[in-house]
Amino acid sequence: MNWTLEVVVVPVSDVDRAKAFYADQLGFVVDHDTAVGGLGRIVQLTPPGSGCSIVFGAGVVPEMPPGSLKGLQLVVPDLRKAHLELVERGVEVSDVQVLGENPGPVPDPLDNVGFVFFSDPDGNSWAVQQISSRA
């Protein structure tokens, strides 16, 4: 049996501001933005190529303090290109960092150990890691 993680709730204080950040600045695809029968609103977005989406909203998602989600991680095949794209989209992102050492040869020295970091407008924090190929 497969157990797949497909949705992560991201706590935000302003749904429209969060939607603009994730869709317009990060380039996530808006899957839906739905009013739920007078109870609230739910917005679901998916990073390009991902099997896992994020969701946030008002009134119909679990209550968590905005900005309390830390350490979400995206994976890209080319960290330098991803970093440049984030900068061009106006995201405040860290410089490329190398954390640790690879135990063996890899196609690119940033594979597995190359990261950049950013936060959304509420302070939810994200890492982006380079993995150009998997065994």
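Visitor: How many helices and strands are there in the protein?
Guide: The protein has 2 helices and 8 strands, where helices (H or I, at least four residues) and strands (E, at least two) are DSSP runs numbered from the N terminus. Along the sequence the pattern reads β-α-β-β-β-β-α-β-β-β. This is a predicted model, so local features need pLDDT of at least 70 and side-chain atom pairs count only at pLDDT 80 or more, while totals for chains, interfaces and linings use all residues. Residues are numbered from 1 along each chain as its sequence is written, and side-chain values use heavy atoms, with hydrogens and water left out.

Visitor: OK, sheets. What is the strand order in the open sheet of 4 strands?
Guide: The order is β1-β4-β3-β2, with mixed pairing; two strands pair if DSSP finds at least two bridges between them.

Visitor: Which strands stand at the edges?
Guide: β1 (7–9) and β2 (29–36); each has a single partner strand, so one side of each lacks a neighbour in the sheet. On average, neighbouring strands of this sheet are turned by 20 degrees against each other, direction ignored. Axes here are lines fitted to C-alpha atoms, for helices over the stretch in contact, and angles run from 0 to 180 degrees between N-to-C directions.

Visitor: And how many bridges join β3 to β4?
Guide: β3 (residues 40–46) and β4 (residues 53–58) run antiparallel and are joined by 5 bridges. Arg 41, for instance, has Ala 58 in β4 as its bridge partner.

Visitor: Which strands does helix α1 touch?
Guide: Helix α1 (residues 15–25) packs on the sheet and touches β2, β3 and β4, its direction making about 10 degrees with that of β3. Contact means heavy atoms within 4.5 Å.

Visitor: Now the core. Which residues have the most contacts inside the largest one?
Guide: Tyr 22, Phe 56 and Phe 118, in a nonpolar core of 29 residues. Such a core is a set of buried Ala, Val, Leu, Ile, Met, Phe, Trp, Tyr and Cys residues joined through side-chain atoms within 4.5 Å. The largest share, 5 residues, comes from α1.

Visitor: What is Tyr 22 in contact with?
Guide: Leaving aside neighbours within four places in sequence, its contacts include Leu 45, Ile 54, Phe 56 and Trp 126.

Visitor: Different topic. Why does Asn 112 count as partly exposed?
Guide: Because its relative accessibility is 33%; buried means under 20% relative accessible area, exposed over 50%, and partly exposed in between (1.4 Å probe, protein chains only). Asn 112 lies in the loop between β6 (97–98) and β7 (114–119), and its phi is near 75 degrees, a positive value in a residue other than glycine.
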